[in-house]
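Please open the model in a viewer and keep the selection panel at hand.

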Amino acid sequence: MPMYLNEDQAMLRDSAREFLKSEAPVSHLRKLRDDNCKDGFRHALWKQFGEMGFTGILIGEDDGGLGLGHVEAGVVLEEIGRNLSPSPFLTTAIAGVAALNHGGQHLKDKFFPGILAGDTVLALAIDEGAKHRPSHITTKAERSGNGFKLTGNKQFVIQGASADALIVAARTAGAAGETDGLTLFAVDKDAANMSMDSTRLVDSSMAAHVTFDGVEVDGDAVIGEVDNGWQVLSSLLRAGRAGSAAELVGVGAGAMDMTVDYLKQRKQFGRLIGEFQALQHRAAHLYSEMEIARAAVLKAQQLLDEGKDSAEIYVSVAKAKAGRTTNLTVREGVQMHGGIGMTDEYDIGFYMKRDRALNEFMGDANFHAGRVAEIFGY
Amino acid sequence: MPMYLNEDQAMLRDSAREFLKSEAPVSHLRKLRDDNCKDGFRHALWKQFGEMGFTGILIGEDDGGLGLGHVEAGVVLEEIGRNLSPSPFLTTAIAGVAALNHGGQHLKDKFFPGILAGDTVLALAIDEGAKHRPSHITTKAERSGNGFKLTGNKQFVIQGASADALIVAARTAGAAGETDGLTLFAVDKDAANMSMDSTRLVDSSMAAHVTFDGVEVDGDAVIGEVDNGWQVLSSLLRAGRAGSAAELVGVGAGAMDMTVDYLKQRKQFGRLIGEFQALQHRAAHLYSEMEIARAAVLKAQQLLDEGKDSAEIYVSVAKAKAGRTTNLTVREGVQMHGGIGMTDEYDIGFYMKRDRALNEFMGDANFHAGRVAEIFGY
Amino acid sequence: MSDLDQFRLDVREWLEANCPAEMREPVRGEDDVCWSGRNWTFKNEAQKQWLERCVAKGYTVPDWPTAYGGAGLSAGEAKILRQEMARINARPPLSSFGIWMLGPALLQFGTEEQKVHYLGQIARGEIRWCQGYSEPGSGSDLVSLQTFGEDKGDHWVVNGQKIWTSYADKCDWIFCLVRTDKTNKYQGISFLLFDMETPGVTTKPIKLISGNSPFCETFFDNVVVPKEQIVGELNRGWDVAKYLLGHEREMISGGGLGDGAPSLGAQMLGSIGANGLGQLDDGLLRAELAQFDVDALAFKAMAERFTDEMKSGKGHPAQPNMMKYAGTELNKRRHELVMAGNGSDALEWESEASKGGAKARNWLRTKANSIEGGTSEVMLNVIAKRILDLPGA
Amino acid sequence: MSDLDQFRLDVREWLEANCPAEMREPVRGEDDVCWSGRNWTFKNEAQKQWLERCVAKGYTVPDWPTAYGGAGLSAGEAKILRQEMARINARPPLSSFGIWMLGPALLQFGTEEQKVHYLGQIARGEIRWCQGYSEPGSGSDLVSLQTFGEDKGDHWVVNGQKIWTSYADKCDWIFCLVRTDKTNKYQGISFLLFDMETPGVTTKPIKLISGNSPFCETFFDNVVVPKEQIVGELNRGWDVAKYLLGHEREMISGGGLGDGAPSLGAQMLGSIGANGLGQLDDGLLRAELAQFDVDALAFKAMAERFTDEMKSGKGHPAQPNMMKYAGTELNKRRHELVMAGNGSDALEWESEASKGGAKARNWLRTKANSIEGGTSEVMLNVIAKRILDLPGA
């Protein structure tokens, strides 16, 4: 596969770019925040995602989807990042679907039509501490009748309070730190004994702390095999990490475009500030890093789509590189904007906030660089 | 103690600066290298160090020395760094004397007169692997008659082949990794069953691999107490690390001065390259880092002289900060010089080489930053 | 026993007797700072008591002359006072732009009458000052400012707009750069003082990315300023401004010193946990924290050196620019690490657990450190020009 | 099976049959590189055989037309050949400034006669080329060069001096920028080719900080160059030079890819050892290595993307400058880490154990990467101007 978008992918990019720029630019996010929107996204926009076909990218053609891959998912996510468009796309249509693709047909039949229509929203209940440590899951799922009873706490469950179902990682065997003994469940929002405490995050998204206090689910809720959930979770994480890396590249690209534009407009000392060589060199360095990050992300997506083992390491490379690069870009963006960049009125701060949350999502740059070292055996 | 040199210290700096600039500037090192000098330093210069009184800085007044402290040692070492003057000063008069100050009067009487006169040279046999790991010593010292028998290998023994005696850390009890059970010895150069393989290093200094194949020493050779050598070794290391940090600051200062001068002379595109803002900002950043490194080094020295516990952590802060800063400075120095900086004919490369060796000496910046984390308990 | 040793004992005793227990807690946020002034409400009795006792002793401005409300301490004594206050974690009794900025400028450029009047008010915490420097078109290029004071004989009539005026909506008086000669860029600016309640002065808070509004836009519409309210000579306000900026930079640089805890890394053990070797269970974050702790401790040594050198007249006069650059960049890095170390907990923006998003808001606030009071880029320009003497800088 | 799949099988089979075992070892140093040329001595029979077989097949320059000694491969085929050679670690049969730099320039600007003549020689490894660009006063500011060719009707007489001429003392011919019009800075330079054995050409090796001398000073004293040995038009050599610099930058950027081993960190387990958790027993170095491995793998993906985009005409024409910048800075970092990871062993300069100081000398050599072929600063200038379109850049 050549390392650039083919014609179909380029068309998809163009249509996603046009759609999001028109329907969900940064002003959309700003309004949603100022309205104190309790979902953190607009259901109407999600419906439009369905109409555009985006929600079916990872759903197989047999199930009514487009049967496309992670490259295509990334194409849409980069545009989402560029516009900071809030939606359940990454959690539902990418990570959630990647998990459900391991599930039985009954689960696909239950969720895919709603996702394709832009109705259904899924949330991911994976994290239990302040930092992402997916193998350290302690939430228990004990056998109970025909099903299981879940007990434990989750946090950083993005859009949890707005979701129709949660994908929950729980331990049916083993101990924290082990990858064996995990099982993934699709838990309906109205399950008894499940409570949520929803709170706004720095990037204006909503995230929930979820308490499972003996939540009963039946056997049909299991995604994949009991005790073998690490495989399902790994698919979910690979998709979510590659996807969030792509979104990060979009966030960085959007911030860089704003900043480079500003350098061409703002005057100080009688000159455009973009004429100052120190700023030119820093902007050129950012360009270089962003190009490399984009290449790393595309490589990870291609390897995922090709089903290569090396996808594992490249997904971490992509998340680490995109995370570090976009973080640098938004910091430089605010600094180069000077005082105006510090004001809420101006958009660059939204990019900084989104970067922070996306960097944390599914493991930050340090987590993934550490993973690269582990995979390489040092 | 205020954080600047007092009048006496400033006078010492001025005289060290004048002396070294005149007697041992970079051309002195270059000639020594081109002559393929087998010592890596000139004995005649060492003699002059004695005449200047430098060699007695850490030797008590009762023993004929100046009874000064680490601040004064650092004053001389910064000038040594600035001129890249090769000498046994750091190993002999600073680290070696710091160890011998723990020894009995017989050891002081044996070595101090020669050191004061600029005759005696000591070398440190501390490292056993490619990286500095002082607690991992495995060289054995077994009881044998009235004394001990030493067996093991050392490397990176600077000026080992030119030394009158080696200060050797060996294990009389315990296992690698433990700080208890070490003992320090002063071993004469002509001890039987000791062999040396001397080799030139990148910075034109000479270092030896030393093999102890059952080297017999008598009880008088023990510095301090048997099994309690960690205390002696710690003094030696604190002195050597603070001293090498001071020398690093001098290396960085010398490299920066050369570079800033070059920025004011070299023309490209019809302008002095020092007019280019990107280079200005990088030079200003270097200045800032160098100032901070110098402050950290002075703080460490003052705390050592005051006998404060916090000296331990500040010595590591100083070595880490000076190491990282001077490394950045020499890299920027070569880059800003462009092609001419790559030529052997020009001096800036000597600074880069010296930085490399000094950074490695007694623990590099990573080692010492890691030590800071350990001392803080994380 | 030397005089200084005796002084240390006296200070220690005085502090023990006079510094209330509540004032020996670290400053945890904006809320704990005592700014005082006409409209001030003390947070508690201890805050009031501590200020009053220090005012009586001259300890709000210990190295100012006693005639102006200070304690007249020597550099050595002042350092001992700082050390002893730090030893018991005593909070500053009074935080004030008057102390950090206007005061030093008045000491240098003010008339004797101005010193007695204004410095006394500052020392006693009676007047809270704000600073009118930046304008919308004049950020880093401060000297291009447009606010104009028309000469009306015994007063000026000032019209124009300032921006980034810290707490202008809460302050009593402003020290303000005003153009008084349109024909001369540098030598056409005067340094004026006036009451924020003067008719024609209005303020509008600016909402920042942190969600807070520590700065305002400030508008002047025919504001009358009597001629005696000028500091320094007519049209030579830029000299005063530059001098004052040095002190502002010195003050802002202190941010890099953090909250007084010696190790940021050790603070993360709680949120991150330790691995089997007792090290922070995130090897790469641990490495970043260790590098940070090295840099922070080194900067702390530099701050001590800087103070000692400045107080004894040894420092390079442009050194505050270096301190401002290094200190603010360090502080930004500190808060990036605080965010990383606290993971998704620190992303919360409104929850009770996060104290209303305190970590995230503080983190965002620090991004202004390297902009306000002269950007990092301007600091580097100044170092290149004034310290390194690079051409054309 | 697609044509490309078939091609892959054919290539694989051919390589299996034709690439000698000795040529399937990684290139460990300068010594293993085959430069060929008039004065070349093959290191061993395998090196000679491998070159001859590739020449016969057109595989020294696989994507050049067969008429000029290439194999005429499409972009897709050429990529497959590269992949298959990488799969078996096959060494490049021929390394050559002719292939990387002069060749592409001739393909673009040469006459048909020049192409057949010079490209054929390059493809067959008959002539080893060096490059005469920089002069003592013209480093980054290349266009200020002074070497002058005086017009003598059917030839020029060239006088002047070049510097940083790679292996000039070992090369057969030079492609050289010569001023042919002193009145026009940019449009007064011509791109000339001439034999290094022409009377008046002398070279003097420059000793570098690594102790090696890969570069020379080259002097021209009344060197006669026939008029037909110009590439492109008279006085328009700068166009050729710029085009060629793009290819040079592309080539140098490849250094960042290292020796083909996927992880630098894993290579350090031997020298550093592991702790109780199986991690490198130097947590901070491990962190630096992990960050490096991330950056190196990301750059590897970028290099693949760059090649694919360039071959299909999609890349930004100034992209080679970005690659050169990023690749050389990465390579410098790699060698800093190699030095750190090997501690005092790597400091040795002459010992047998250190292979004559190979690590230290390689490390020092890399410092030139970000200077030769356009400094990192020039690369950043070009990106700012041509890609970001920043003003006045």
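The stops that follow give a selection and then describe what is found there.

**Before starting**

This is a predicted model, in which local features need pLDDT of at least 70 and side-chain atom pairs count only at pLDDT 80 or more, while totals for chains, interfaces and linings use all residues. Residues are numbered from 1 along each chain as its sequence is written, chains are lettered from A and ligands numbered from 1 in the order in which they are written, and side-chain values use heavy atoms, with hydrogens and water left out.

**Stop 1: chain A**

Chain A has 11 helices and 10 strands; helices (H or I, at least four residues) and strands (E, at least two) are DSSP runs, numbered from the N terminus. Along the principal axes, its C-alpha trace spans about 75 × 45 × 40 Å. The radius of gyration of chain A is 21 Å, which agrees with the value near 21 Å that a compact globule of 378 residues would have. That radius is taken over C-alpha atoms, and the globule rule is 2.2 Å times the number of residues to the power 0.38.

Now switch to a surface. The accessible surface of chain A comes to about 12400 Å², with 46% belonging to carbon and sulfur atoms; such areas come from the Shrake-Rupley method with a 1.4 Å probe, and for residues only the protein chains shown count as cover. Of the 378 residues, 65% count as buried, where buried means under 20% relative accessible area, exposed over 50%, and partly exposed in between (1.4 Å probe, protein chains only). Among the contacts in chain A with a separation of 6 or more, 74% join residues 24 or more positions apart; contact means heavy atoms within 4.5 Å.

Colouring by charge shows 39 positive and 51 negative side chains in chain A, with the centres of the two sets 7 Å apart. Lys and Arg count as positive and Asp and Glu as negative, whereas His and the chain ends are not counted. The place of a charge is NZ of Lys, CZ of Arg, CG of Asp or CD of Glu.

**Stop 2: inside chain A**

Select A:Gln9, in helix α1 (residues 7–23) of chain A. A:Gln9 is buried because its relative accessible area is 7%. Leaving out residues up to four places away in sequence, A:Gln9 touches A:Tyr4, A:Val71, A:Glu72 and A:Val75.

Next, select A:Asn36, in the loop between α2 (26–34) and α3 (43–52) of chain A. Its phi is near 55°, a positive value in a residue other than glycine. Most residues other than glycine have a negative phi. With 36% relative accessibility, A:Asn36 counts as partly exposed.

**Stop 3: the nonpolar core**

Which residues have the most contacts inside the largest nonpolar core? They are A:Phe89, A:Leu236, B:Phe89 and B:Leu236, in a core of 372 residues. A nonpolar core is a set of buried Ala, Val, Leu, Ile, Met, Phe, Trp, Tyr and Cys residues joined through side-chain atoms within 4.5 Å. Centre the view on A:Phe89: beyond four places in sequence, the residues it touches include A:Trp46, A:Phe49, A:Phe54, A:Ile57 and A:Ile94.

**Stop 4: a loop of chain B**

Move to B:Asp227, in the loop between β8 (222–223) and α7 (229–263) of chain B. B:Asp227 has a positive phi of about 70° although it is not a glycine. Its relative accessible area is 33%, so B:Asp227 is partly exposed.

**Stop 5**

Select chain C, which has 12 helices and eight strands. Buried residues make up 58% of its 393 residues. Chain C exposes about 15700 Å², and carbon and sulfur atoms supply 49% of this area.

Within helix α9 (residues 283–311) of chain C, pick C:Arg305. At 8% relative accessibility, C:Arg305 counts as buried. Apart from neighbours within four places in sequence, C:Arg305 is in contact with B:Met3, B:Glu291, B:Arg294 and B:Ala295.

**Stop 6: a helix of chain D**

Finish at D:Leu81, in helix α3 (residues 75–87) of chain D. D:Leu81 is buried, with a relative accessible area of 2%. Not counting residues up to four places away in sequence, D:Leu81 touches D:Phe7, D:Val11, D:Tyr59, D:Pro62 and D:Leu73.
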